[in-house]
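Please open the model in your viewer and keep the sequence panel beside it. The tour below moves from the whole chain to selections inside it.

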Amino acid sequence: MLGVARFDMSADVLFANAPAAELPAALARHHLRAEPIVFEVHPLLVETGTHRVLVDPGGTDDPASLRQVLRAAGIDPASIDTVVLTHGHADHYIGCVGAGGGPAFPDARHVMRRVEWDHWLAADNPEPHHAENFLRLLLPLRECFTLLDGESEIVPGIEVIPTPGHSPGHLAVKIGGSAIHVGDVLPSVVYVEHPDWYARFDVWPDQVVDTRRKLLRQIAESNLMVFTHHFEATGAGRVVASADGGWRWVPA
Ligand SMILES: [Zn+2]
């Protein structure tokens, strides 16, 4: 996982329906301050042996920043052959937009779900600010993208699965049967223990909760290593079943 950026988030945005009496303790369990909550951004680089896959190249709007982080990690940005976007919010894709608006990874195959791509082109998008960013920043890179339908293996051993709710075409990335990148199905560690809470930017809350509960159950049963985009520290860990029928997070 690469640490690229951090930005401030407000608790009443991130946990829109959390009961006021429960939120402070839920945050305190993870040593999180309420205002502001610091949102980290962790692009994930997967080396399969034959492919270099970059998942959610978020970061800052300085197109050089992610490339600098990659170089500092000993990775030649030109060696990345696949870029996967879990969904179309800029904090998950801004790093694939290069200086001058072209692709930051021009030789890479970029993938995203077709329903996600089309969602951001709709005139009546429920998140007009994000849609405006998408049209300005990502639409010009259309030729770099392969749009996926349903579950797909994108390179040998790496598969994407639909996880709708946070956005209609949100996807998660299964890695080699032992790990998963969950994108914004879990935008905060607090959601592992409170899967029924949702954020103000979750446009389809019922679907978010349904998808999250299904994924948490699968992850815990399969004991997968979990990579997240926004958790603290490395952003990686495991989900274990708790005695009360829920789940808890064990950082890696
Ligand atoms: Zn995000």
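What share of the contacts in the protein chain with a separation of 6 or more comes from residues 24 or more positions apart? In this predicted model, such pairs account for 67% of those contacts.

Begin with the whole chain in cartoon view, where the secondary structure comes to seven helices and 14 strands. The radius of gyration is 17 Å, close to the 18 Å that the globule rule gives for 252 residues, so the chain is as compact as a globular protein of that length. Along the principal axes, the C-alpha atoms fill a box of roughly 50 × 40 × 35 Å.

Colouring by charge will show 19 positive and 32 negative side chains, with the centres of the two sets 3 Å apart.

Now hide the surface and select Leu14, Phe15, Ile180 and Val239, the residues with the most contacts inside the largest nonpolar core, which has 34 residues. Among the elements that give two or more residues to this core are helix 1 (11-14), helix 2 (23-28) and strand 14 (247-251), but helix 7 gives the most, with four residues.

Centre the view on Val239 and, leaving aside its neighbours within four places in sequence, display its contacts, which include Val192, Leu216, Ile219, Trp247 and Trp249.

Finally, select Leu45, Leu66, Phe134 and Phe145, which belong to a second, separate core of 28 residues.

Methods. Residues are numbered from 1 along each chain as its sequence is written. This is a predicted model: local features need pLDDT of at least 70, side-chain atom pairs count only at pLDDT 80 or more; totals for chains, interfaces and linings use all residues. Side-chain values use heavy atoms; hydrogens and water are left out. The radius of gyration is taken over C-alpha atoms; the globule rule is 2.2 Å times the number of residues to the power 0.38. Contact means heavy atoms within 4.5 Å. Lys and Arg count as positive and Asp and Glu as negative; His and the chain ends are not counted. The place of a charge is taken as NZ of Lys, CZ of Arg, CG of Asp or CD of Glu. A nonpolar core is a set of buried Ala, Val, Leu, Ile, Met, Phe, Trp, Tyr and Cys residues joined through side-chain atoms within 4.5 Å. Buried means under 20% relative accessible area, exposed over 50%, partly exposed in between (1.4 Å probe, protein chains only).
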